[in-house]
Amino acid sequence: MANAPPSFFASSLPARRLPRTFCATVSPPSQRPPPQRRASLGMSTIKEGLSSLVEVVVEVPKWSFVKRSQNGIIDFVSPLPCLFNYGSVPIIPAPDGDPLDAIILGKRLPLGHQGIVRVKGIIKFTDAGLVDNKLICTQRKPGNCSGDSGPEISEDLSVFDLLVLHSFFNVYAVGKNWLNIVQGKQNGPTSYGGYEIYK
């Protein structure tokens, strides 16, 4: 599990790229609880690997410049595009009372898209003194693995994905800090505390 100091990528990364996909057996629907129920168990079960699937609603599509609030009103327009899909898990509340934030890696998804994704880890973030962590998720799709009638192929995290996340949130923390000052929301520090990848 890694908190990423500035020298992390210079000294600790393996030379090879991590695999992009893997095949995993998915139990028949009758033998597993629905993702909504599992997600509602909360962050502790996600971290323990007991609830790896959550339902996320996309609020900021990949490459979008516009960040909207929960009611659809434009919160701010970024000078740089978002490098991934950004959304929230409606049934898991964050400490600030809003739904838990989630990052969805992979292809661009449309605004308002709602679907089940796989949790791979978490971004540790503090916003104006409040814990504002964000799930790191990957998209899922049916696949064809030999000898498996109902497989699932899920994007795995690559070294490049982690580098992008680490770089983005270092910059994002600075920008969000200034935005909080302008909006009068600076009741505490705004900072990025690295990431944690779940086994």
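Start by selecting Lys176 and Asp127: their side chains form a salt bridge, and the closest N and O atoms sit 2.5 Å apart. Lys176 belongs to helix H4 and Asp127 to strand S7, so this pair ties together parts that are 49 residues apart in sequence. Keep in mind as you click around that you're looking at a predicted model. Are these two partners buried or exposed? Lys176 counts as buried because its relative accessibility is 12%, and Asp127 counts as buried too, at 13%.

While you're here, color helix H4, residues 159–182. With 24 residues at 1.5 Å a residue, H4 should span 34 Å, and its end C-alpha atoms are 35 Å apart, which agrees. If you want to follow one face of a helix, here's a handy rule: an α-helix has 3.6 residues a turn, so residues three or four places apart point the same way. Just after H4, pick Gly184, which takes a positive phi of about 70°.

Now go back to strand S7, which covers residues 114–127. Select Lys124 together with Glu196; their side chains meet in a salt bridge at 3.7 Å, N to O. This pair also links distant parts of the chain, with Lys124 in S7 and Glu196 in strand S12 (residues 191–197), 72 residues apart. Lys124 is partly exposed, with a relative accessible area of 27%, while Glu196 counts as buried at 11%.

Stay on S7 and click Val119. Val119 is buried, with a relative accessible area of 8%.

Next stop, the loop between S7 and strand S8 (130–131), where you'll find Ala128. Ala128 isn't a glycine, yet its phi is positive, near 55°. At 15% relative accessibility, Ala128 counts as buried.

How many salt bridges does the structure hold? There are four. For another one, select Lys134 and Asp101, whose side chains meet at 2.9 Å, N to O. Lys134 lies in strand S9 (residues 134–138) and Asp101 in strand S6 (residues 99–105), so the pair ties together parts that are 33 residues apart in sequence. Both Lys134 and Asp101 are buried.

Time for a polar contact: select Ser52 and Arg118, whose side chains are joined at 2.9 Å. Ser52 lies in the loop between helix H3 (43–47) and strand S2, and Ser52 is buried, with a relative accessible area of 17%.

Move along to the loop between S2 and S3, and pick Trp63. Trp63 has a positive phi of about 75° although it isn't a glycine. Phe65 is in that loop between S2 (53–60) and S3 (66–68) as well. Phe65 counts as partly exposed, at 40% relative accessibility. Select Ile74 and Val77 along with Phe65, and you'll see a nonpolar surface patch of about 280 Å².

Last, look at some cysteines. Cys82 is buried, with a relative accessible area of 8%, and Cys137 counts as buried at 0%. How many disulfides does the structure hold? The count is zero. If the term is new to you, a disulfide is a covalent bond between the sulfur atoms of two cysteines.

Notes: Residues are numbered from 1 along each chain as its sequence is written. This is a predicted model: local features need pLDDT of at least 70, side-chain atom pairs count only at pLDDT 80 or more; totals for chains, interfaces and linings use all residues. Side-chain values use heavy atoms; hydrogens and water are left out. Patches are made of residues with over 30% relative accessible area and no salt bridge: like charges are joined within 9 Å, nonpolar side chains (Val, Leu, Ile, Met, Phe, Trp, Tyr) within 5 Å. Accessible areas come from the Shrake-Rupley method with a 1.4 Å probe; for residues, only the protein chains shown count as cover. Helices (H or I, at least four residues) and strands (E, at least two) are DSSP runs, numbered from the N terminus. Buried means under 20% relative accessible area, exposed over 50%, partly exposed in between (1.4 Å probe, protein chains only). The expected span of a helix is 1.5 Å times one less than its number of residues. A polar contact is a pair of N or O atoms within 3.5 Å; within protein, one must be able to donate a hydrogen and the other to accept it, and residues adjacent in sequence count only if both atoms are side-chain atoms. A disulfide is a pair of cysteine sulfur atoms within 2.5 Å.
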